[in-house]
Amino acid sequence: MRTAEIRQRFLDFFAARGHTVVPSASLVYNDPTLLFVNAGMVQFKPYFTGAETPPYDRAVSVQKCVRTLDIEEVGKTTRHGTFFQMNGNFSFGDYFKEGAIKYAFDLITLPQSEGGFGFDADRIWVTILPSDDEAYQLWQSVAGMPKERIQARGLKDNYWNMGVPGPGGPCSEIYIDRGSQFGPDGGPNVDEDRFLEIWNLVFMQEELSAVRAKDDFDVLRPLPAKNIDTGMGLERVAYLLQNVDNLYEIDEVFPVLLKAAELSGKKYGHSYTADDVRMRVVADHIRSALMLMTDGVTPGNEARGYVLRRLLRRSMRAMRLLGVQEPVLPELLPVSKELMQASYSEVEEQWERVSQIAYAEEETFRRTLASGIRLFDLAASQTKASQGKVIPGDKAFEMHDTYGFPIDLTLEMASEAGLEVDQDAFRRLMQEQKDRAKADARAKKGGSVAVEAYRELRSEGETSFLGYTDLTADARIRGIIADGKLVPAAHPGEVVEVVLQQTPFYAEAGGQDADTGLITSASGVTLEVLDVQKPVQGLIVHKVKVADGEVGTGMEVLASVDQAARYGACQAHTATHIVNAALRHILGPSTHQQGSYNKPGYLRFDFNNPQGLSKDMQEELEGIANQAIRANHEVSAVEMPIAQAKALGAQAMFGEKYGEIVRMVELAGPWSRELCGGTHVVRTAEIGLLSLLGEASVGSGIRRVEAFVSADAFNQLAAERALVANLAETLKTQPEQLADRIAKLLADLKAAQKELAQVKAKQLLDTAPRLIAAAGQVGGYTLVSEYLAGVAGDDLRNLALQLRAQLGETAGVVALIGGDEKPVLIVATTAAARELGAKAGALVGVAAVELGGRGGGRDDIAQGGGADRSGVAAALDAISVALRG
């Protein structure tokens with residue numbers, strides 16, 4: 001049974017039993033505690049925590065997930081994969097344990113001819129929490145499970161919580177016995193290779209007030225509504241039903257592995273040899289990278305981008321270790337695309353963009369490998385020059401962390417060079433890095449300290465947003481939060497959070513900055529609104545400073561938005577939509593928004609594109625945008641089903657969560673259509689003007705444009721006009737002739753500088769006889785060494801080559817240091833010197849350390865440098881010491 005069919009059978013089974021089919025959320029999800037969606041319940045978390053009211057009582061989904069915590073285990077076990085799909089059925093206060101157990105048992109044992117998976121009931125084992133007598137009885141009465149195949153396990157295995165205060169409950173795991181050839185009998189308590197877990201049923205029945213560890217928490221009270229959250233590993237079921245040994249050999253993965261084998265000329269042996277593990281790594285990582293890029297992730301050095309880059313580079317590294325030196329992604333990625341598009345249509349829709357990003361990343365990595373090899377050569381030469389046999393761990397870590405050079409490749413090259421790597425030090429540095437990352441993640445989770453207060457206020461109802469039509473509104477204070485807790489009042493000088501039952505203030509979202517303004521009362525209370533956020537869906541929270549009076553819960557107030565600032569934000573936000581549409585007109589439909597920010601007078605817009613915008617493209621972008629502004633398009637917003645909006649071509653942001661009903665903002669024509677909850681002008685002419693500031697890269701495959709709008713754009717142009725006038729007056733020319741005048745001045749200056757450089761170079765070369773005469777004998781070599789302050793690198797190199805030539809057939813070494821604040825080092829050796837063992841690259845490596853830098857190169861000539869000019873004498877001495885041996 002193909003994986004896509006297993007997926008569809010799961011959805012169909014639960015849809016036929018009253019479950020709403022919910023599409024997979026993007027891997028890039030709007031949750032500050034997660035890099036990627038890593039479980040099927042993530043998009044339903046607000047329903048389980050009570051932050052939002054679920055729109056259905058029952059749901060079913062197949063969720064795309066990525067986990068990379070065990071990335072080093074990929075390929076070495078039967079079940080570790082970085083991308084996986086989680087089948088899940090969910091109940092929100094509807095059926096509970098009995099229903100979940102019955103549905104699960106029915107689906108897995110129902111004959112395949114009747115839409116089930118057809119597992120033999122005698123091969124099924126389950127685990128429960130020891131204290132869950134109800135589940136123990138239900139497995140026997142509902143599913144007919146014999147007692148001997150129901151095993152008890154502790155909290156670490158059979159209790160689920162989110163790691164923070166919130167819902168929790170016991171769980172029951174379902175295992176399939178793969179047979180005696182996979183291990184000893186005795187159930188999952190004895191062997192989890194033979195007995196493979198395929199499904200976990202979580203019975204959410206308790207609210208936890210403190211969670212210290214998976215098995216250490218406090219139960220606050222029973223949940224008012226009991227919920228079901230289940231997760232079935234689609235790939236695990238697939239490799240059982242397809243009778244293969246591991247998830248790398250299922251139909252959605254194995255063809256990529258076979259392609260890797262074909263490219264390398266090696267045969268896959270279904271074993272755990274190094275080559276087989278590498279092929280499995282490639283098959284897994286290629287699919288994961290494809291799905292991440294499809295959902296909008298681009299390679300980078302931080303967060304999501306770093307994970308993607310690591311997956312791609314581990315794939316390319318594995319192929320290199322398999323002996324393939326040519327680019328591999330153009331061969332491998334299309335295979336995975338053909339396999340995955342059957343289940344996810346977006347894979348085909350985003351292919352042009354994805355392939356551009358991936359192939360550009362491979363070219364970047366190939367250059368990284370070239371530079372990494374040079375860095376390795378330097379580290380190896382320094383180690384050998386110091387009579388060492390072990391490359392320091394910090395050097396290997398620097399190559400890995402800063403330059404992306406894989407540690408496996410460092411180990412391989414070290415072995416070839418007769419060296420070792422201090423792997424203990426390397427692993428210690430890697431662990432320190434991981435610990436810092438975990439601390440950062442914990443800090444991010446700490447941002448939810450007020451979640452209980454937010455949930456309590458949200459349970460009283462949503463905050464009505466009036467800001468689309470009103471900028472002032474009478475309101476009542478529903479709650480005041482200070483230090484994460486609800487308080488009855490706040491006093492002058494305090495900064496607190498305030499929740500109103502209705503508000504005209506726009507909460508920061510969709511790239512639009514939050515409104516500012518005042519909240520006042522008839523009794524003289526004045527609150528300055530500093531920020532507005534929506535920490536949970538449906539609740540708008542105002543961060544305020546109490547300027548006058550004492551504010552209390554229940555107080556009647558007047559909320560007043562700063563009208564000028566709001567109008568400026570509307571201008572900038574509508575201009576952002578115009579820029580988005582204009583870029584798609586210039587670059588094509590494969591270009592998508594990757595982020596934006598707009599505030600009064602200013603916008604920035606991030607988009608995917610492998611190359612930067614040329615000057616002509618930037619001028620075209622600015623021209624199209626201003627043409628749309630002058631066209632005075634009507635701007636309208638309408639709510640509609642999301643399917644209808646997408647059918648109309650409305651653009652959506654990767655990673656954003658949309659409900660069934662969405663708000664579509666349209667610039668008439670239609671010139672632009674986007675899903676957007678922001679505020680906008682009525683007609684585009686109200687923007688006035690857009691002035692593009694520039695374009696730059698903000699990550700691999702991600703570009704950013706910035707612009708001023710409205711009065712700020714006019715002010716910028718006025719400042720540029722004044723600058724032109726001042727330059728024209730200074731240079732005694734007309735503004736229209738200014739470009740020619742400056743070009744002539746630059747040409748004259750360049751010619752003068754060239755003439756001066758030639759004079760200096762000649763003077764420098766004239767010093768060669770003096771330097772040769774001052775040469776000394778060191779360890780059998782003729783050494784010419786000198787510090788020439790202020791001499792640039794090219795001139796220093798030319799002088800070194802001339803000196804080496806004048807040394808002729810002697811065993812000569814030239815060592816020159818020049819530069820200004822940052823010293824530059826050049827070492828050149830004659831053929832006779834090299835025969836005696838003097839290598840320029842190794843000598844530079846030794847000396848550059850004294851300059852606080854590094855360097856390297858060929859045996860005949862090499863270059864280095866540093867930042868410490870005080871080490872010049874020590875650097876030249878280090879070369880002398882090295883020559884003496």
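In this predicted model, strand 6 (residues 159-161) and strand 7 (residues 166-177) run antiparallel and are joined by 3 bridges. Tryptophan 160 has glycine 169 of strand 7 as its bridge partner. The two strands make a hairpin, with 4 residues between them. In that turn sits glycine 163, whose phi is positive, at about 90 degrees.

Strand 7 has other partners too. It pairs with strand 4 (residues 124-128) in the antiparallel sense, over 4 bridges, and here tryptophan 125 stands opposite tyrosine 175 of strand 7. A further 10 bridges tie strand 7 to strand 8 (residues 195-213), again with the strands running antiparallel. Proline 167 faces glutamate 207 of strand 8 in this pairing.

The largest nonpolar core has 113 residues, and the members that touch the most others are Ile108, Phe117, Trp139, Ile174, Trp199 and Met293. Helix 8 (residues 274-294) supplies the largest share of this core, with 11 residues. Nonpolar side chains tend to be buried together in soluble globular proteins. What does tryptophan 139 touch, once its neighbours within four places in sequence are left aside? Its contacts are Ile101, Phe105, Val126, Ile128, Gly144, Met145, Ile150, Ser172, Ile174 and Leu201. Another core lies apart from the largest one; it has 28 residues, including Leu583, Phe607, Leu621 and Val635.

Strand 25 pairs with strand 26 (residues 661-667) in the antiparallel sense over 7 bridges, and glutamate 639 has arginine 663 of strand 26 as its bridge partner.

Another open sheet has 6 strands, in the order 30-31-32-33-35-34, and its pairing is mixed. Its edge strands are strand 30 (776-778) and strand 34 (854-857), each of which pairs on one side only. From one strand to the next, the twist averages 20 degrees. At one end of the order, strand 30 and strand 31 (residues 781-787) pair in the antiparallel sense over 3 bridges, and valine 778 stands opposite tyrosine 781 of strand 31.

Which strands of this sheet does helix 23 touch? Helix 23 packs against strand 31, strand 32 (812-819), strand 33 (823-829) and strand 35 (861-865), and its direction makes about 160 degrees with that of strand 32. Helix 26 (residues 872-884) packs on the sheet as well, touching strand 30, strand 31, strand 32 and strand 33. The direction of helix 26 makes about 175 degrees with that of strand 31.

Helix 23 (residues 793-807) also meets helix 21 (residues 738-765): their axes come within 10 Å and cross at roughly 35 degrees. The crossing is right-handed. Helix 21 contributes Ala761, Leu764 and Leu765 to the contact, while helix 23 brings Asp795, Asn798, Leu799 and Gln802. Sorted by class, this contact has 4 nonpolar, 2 polar and 1 charged residues.

Finally, there is leucine 836, found in the loop between helix 24 (831-835) and helix 25 (840-850). Is leucine 836 buried or exposed? Its relative accessible area is 54%, so it counts as exposed, the cut-off being over 50%. Leaving aside neighbours within four places in sequence, leucine 836 is in contact with Gly780, Tyr781 and Ala811. The tyrosine 781 in that list is the residue that stands opposite valine 778. Leucine 836 is also 9.8 Å from leucine 883, C-alpha to C-alpha, although the two are 47 residues apart in sequence.

Technical notes: Residues are numbered from 1 along each chain as its sequence is written. This is a predicted model: local features need pLDDT of at least 70, side-chain atom pairs count only at pLDDT 80 or more; totals for chains, interfaces and linings use all residues. Side-chain values use heavy atoms; hydrogens and water are left out. Axes are lines fitted to C-alpha atoms, for helices over the stretch in contact, and angles run from 0 to 180 degrees between N-to-C directions. A crossing is left-handed if the near helix is turned anticlockwise from the far one by less than a right angle, and right-handed if clockwise. Contact means heavy atoms within 4.5 Å. Ala, Val, Leu, Ile, Met, Phe, Trp, Tyr, Cys and Pro count as nonpolar, Asp, Glu, Lys and Arg as charged, and the others, Gly among them, as polar. Two strands pair if DSSP finds at least two bridges between them. Buried means under 20% relative accessible area, exposed over 50%, partly exposed in between (1.4 Å probe, protein chains only). A nonpolar core is a set of buried Ala, Val, Leu, Ile, Met, Phe, Trp, Tyr and Cys residues joined through side-chain atoms within 4.5 Å.
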